[in-house]
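Student: I would like to learn how to read a fold. Could you take me through one?
Tutor: Gladly; let us look together.

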Amino acid sequence: MTAIVVHHHAEPAEDRLRPITDGLRPEAPRQGGITMAEGALRGTRLGTTSYESDEHVEPAERMVVHYDCPRGHVTSVPFSVEAEEIPVLWECRCGAEALRRDFARPEPKPERPTRTHWDMLLERRTIADLEELLDERLTLLHSTQRKSA
Ligand SMILES: [Zn+2]
């Protein structure tokens, strides 16, 4: 026997009838009419905003920061005085790193050692040692691959 269960579990009438806004429900739009109304409204708002900004808002004050390229170029970059962070380095039009005038070049990042790992390795090991190690590693690698395959 198959029972078809019909849930008479309607939402409470109050929930559906409650107005979304307090009497400010928009009028039922007609096809086409709403688009024109919105367009007109948007145009008005845009115009108002631009007038207001022209009258009341001063353009942000600017300062020009000079960057000196190691090759002698000078790049002048206008920044808003409200800019939170003005970079110390700027890429010059020639591609070199230009340094902000009167600023010290930042310390090179510690994770960029001048000696490579290879250099340091060679200080402790000879090439013969390394070849032996390489052989060991390769043998290990191959045995691991065989196991996992
Ligand atoms: Zn340059």
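Student: What share of the contacts in the chain with a separation of 6 or more comes from residues 24 or more positions apart?
Tutor: Two residues are in contact if their C-beta atoms, placed from the backbone, lie within 7 Å. Here, residues 24 or more positions apart account for 26% of those contacts. This is a predicted model: local features need pLDDT of at least 70, side-chain atom pairs count only at pLDDT 80 or more, and totals for chains, interfaces and linings use all residues. Residues are numbered from 1 along each chain as its sequence is written.

Student: Which pattern does the chain follow along the sequence?
Tutor: Helices (H or I, at least four residues) and strands (E, at least two) are DSSP runs, numbered from the N terminus. This chain reads α-α-β-β-β-β-α-α.

Student: What is the order of the strands in the open sheet?
Tutor: Strands pair if DSSP finds at least two bridges between them. The 4 strands are ordered 2-1-4-3, with antiparallel pairing. At the edges are strand 2 (74-80) and strand 3 (89-91), each pairing on one side only. Strand 1 (residues 62-68) pairs with strand 2 over 7 bridges, and Val64 stands opposite Pro78 of strand 2.

Student: Is Asp102 buried or exposed?
Tutor: A residue is buried if 20 or more other C-beta atoms lie within 10 Å of its own, exposed if 12 or fewer, and partly exposed in between, with C-beta atoms placed from the backbone. Asp102 counts as exposed because it has 8 C-beta neighbours inside 10 Å.

Student: What is the phi of Asp102?
Tutor: Most residues other than glycine have a negative phi. Asp102, though not a glycine, has a positive phi of about 70°. You will find Asp102 in the loop between strand 4 (97-100) and helix 3 (117-124).
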